[in-house]
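Subject: Structure handover

Hi,

Here is the structure I promised you. Please open it alongside this note. My findings follow below.

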Amino acid sequence: MRVEVDDRPDEETARAIATALAEHLGEAVELVAAGETVAATGGDDADDWDEAVVTDRERDLREEIEAILGGGPERGHAKLDELGKLFVRDRLERIFDTIEYEDGTFARHDADGELPADGMITGVGTIRGRTVFFAANDYSVKAGSLGEMGVEKEIRIAERAVEAGAPILRLIDSTGARLSLDEREPGDTHMGRYRGGRMFYNQCVHSGQVPQIGVLYGPDIAGSAYTPVFCDYLLMVEEISGMAIASPRIVEAVTGEAVDMETLGGPDVHARESGSADLVVEDEAAAAGAVRDLLGYLPQHATAELPTRDARAPDANPNGLDAVLPEEPNASYDVHEVIERLVDRGSWFELKPRFAPELVTGLARIDGRPVGVVANQPVAKSGAIFPDSAAKGAGFVWTCDAFEIPLVYLCDTPGFMVGSAVEREGVLREGRKFIYATSNAQVPKFCVITRKAYGAGIYAMCGPAFGADATLALPSAEISVMGPEAATHALFADQIAEMEEGAAATFVESMQDEYEKHVDVRTQAAKMQVDELLPAGDLRPQLARRLRTFADKRRCTRDRHHGTVLF
C-alpha cells in the first residue's frame, strides 16, 4: 500500500510510521512525502524490511564472537598445520550440512582471549536432514585439553541430546585434563560430582538411549581416553590418532618400558589387538564420510524408526550364491562373497574388520532396511570361534539390539576353538557373552546355516533354540555336535586303535558315510529342526520378506533387574 503524507518526517519517524501502519494493515507499506519514498516496510514479509540499525553495543559483541570463533592463538594453529590436522570448525563443516547453533561460546572469556570457548565446541547440527548434537575439542586451544568450563559444556550437551532424543557425535582431539596451578585457569577436571567423571557417567547411563559416535583425531591419554571407548562406535584416523591409559613417558617411568605412542596405542593396536576401534580411516575426509554413512543405519534414539532407503540390487548375482559354497565341508571360501549377494549394492559397512577376522560383523541394508550381519569367516581360522571373536560378536549383537537393528546370522563354523591356549584366554568366559547376547537380543533374528553348524557354535550363531524368528538352511548345510571325522574317532577310538591301518581307514570311511546320513539337512528339515530348507538363490528374497514381516516385532519385559553377564 502507498501512503502519502504532507510533511516530510525525519528518517527514524518515517520508519516508525511505516512499520506501525504495516502491522495494523497486515501488508507492505510505502510511505511517500512530496512524491519521494521516505520509508518502506514489508509488513509480514521479512524480505522487504529495511536493513536494521546496528548499535555499537551489538557490533562490539559480534566482533568478540568473531574472535572467539577463530579459535586459539597463532601458535595453536601452527601446531595444527605441523600435524596435518584440520581446525575444529573446518572439521565440523566437513561432517555437518548445517550448524544450527552452539552453546557456551563465551566460556572462559575471562581468560584474556587465551582460552576461547575453553577449547570445547558444543552445539547442534544437521546431517542429511537429521538433528545431531556434537562436542568437539579445539586443538588450537591448549592442545584440546579439558578445562572446567569445557567439561561443563560437554556434560550439558550430552544430557540435552538424550532429552531431545538425538544422536551425539564426539570429535575427540584432546591431550586430556588441563593441568594448571594457576587459580585463574582452573584445570583439574577429574573429581567432583559435576566435573570430569560426570562425562563418563553420562556416557554409561546414556548408552543404548541415543547413538554415541566418536571420532579420534589425536593422542588421547589417561582418564579422558575413556571418552572414545565408551562411544557405541569409534573411528580412528590413521597416523594422527591414538589412545592409552598413560603416555609413553609415564609408561617408561612406571614400568621401564620404552615405547612410542604408535606402538602403545595407535590405530593398528586398537584395530587388530584390543578391538577398541570399530573402524580406522585414512584421513579426515574419510572420517567425515564414514560418520555420515554410519549414521544412515542408526535411529535417532532407541525406539525411533530405522532410516530406510530405496531398495537396490546386490553387488553380485544372488542366484550365484550356491556356487560360492564348496561341497567339501573343510574347503575355504570368503564369506564376503556371500554377503555381496545378499545385501543392497554399496550398503556393506563392516565394523572391526581387522579384529578377530574369523567372525565378520557389519551393517548393511536388505531391500532398503538396515540389518546387522554376523558371519563366520571360513577363510580365517576355518571360521572357528575364538575368545576375541566371541567378544566381538557379543558386543555387535548387543549394540544392534539396543538400537532395534535386525540381525542376520550366516553360520558356517566348526564351533568354538579348543586347546589349552584358548582356555587360558577365557574361551568359555567370552563364549558365554556371545551366547548371552544372542539369547537376550529381541530384535528380529534370522539364522542362515550356509554350511557347517557344529557344536556350541550354533548356539552363539542363533540356532533354533536361541530365539531365531526363522532358522533357514541351504542345501550345503550340515548340523551336528561335531564333524563326521571327529565324531567317528570319538565314537570308535578304541576299535580303530586295534585295527590294522588299511582296515581302519575303510572302517572310518564307512562310519563317516553312515554319520552323514544322520546329519543330512533334508533329514533334519523333515524333523523340523530347521524352519525352511531353500535353494541358495532364494535366500535374499526370503530374508527381505521375513524382515518386512517382523518389522514390528514385539519386545517383552522380563521379570528381573538385569542379567549378570557383562560385555
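Are D118 and R178 buried or exposed? Both are buried. Bear in mind that this is a predicted model. The side chains of D118 and R178 form a salt bridge, 2.7 Å from N to O. D118 sits in the loop between strand 4 and strand 5, and R178 in the loop between strand 7 and helix 6, so the pair ties together parts that are 60 residues apart in sequence.

A second bridge joins R354 and E238, at 3.5 Å from N to O. R354 is in the loop between strand 13 and strand 14, and E238 in the loop between strand 10 and strand 11, so this pair links parts that are 116 residues apart in sequence. R354 is partly exposed at 29% relative accessibility. E238 is partly exposed too, at 25%.

D56 pairs with R59, with the closest N and O atoms 2.7 Å apart. Both lie in helix 2, 3 residues apart, about one turn of the helix. D56 counts as exposed at 55% relative accessibility. R59 counts as partly exposed at 37%.

K85, R91, D173 and E284 are linked in a salt-bridge network. The total count is 30 salt bridges.

Now helix 6, residues 196-206. Its buried residues include G196, M199, F200 and H206. After helix 6 comes G208, with a positive phi near 85°.

Best wishes

Note on methods. Residues numbered from 1 in each chain as written. Predicted model: local features only at pLDDT ≥ 70, side-chain atom pairs only at ≥ 80, totals over all residues. Heavy atoms only, no water. Buried < 20%, exposed > 50% of the residue type's maximum accessible area, 1.4 Å probe, protein only. Helix = DSSP H or I, 4+ residues; strand = E, 2+ residues; numbered from the N terminus. Salt bridge = Lys/Arg side-chain N within 4 Å of Asp/Glu carboxyl O.
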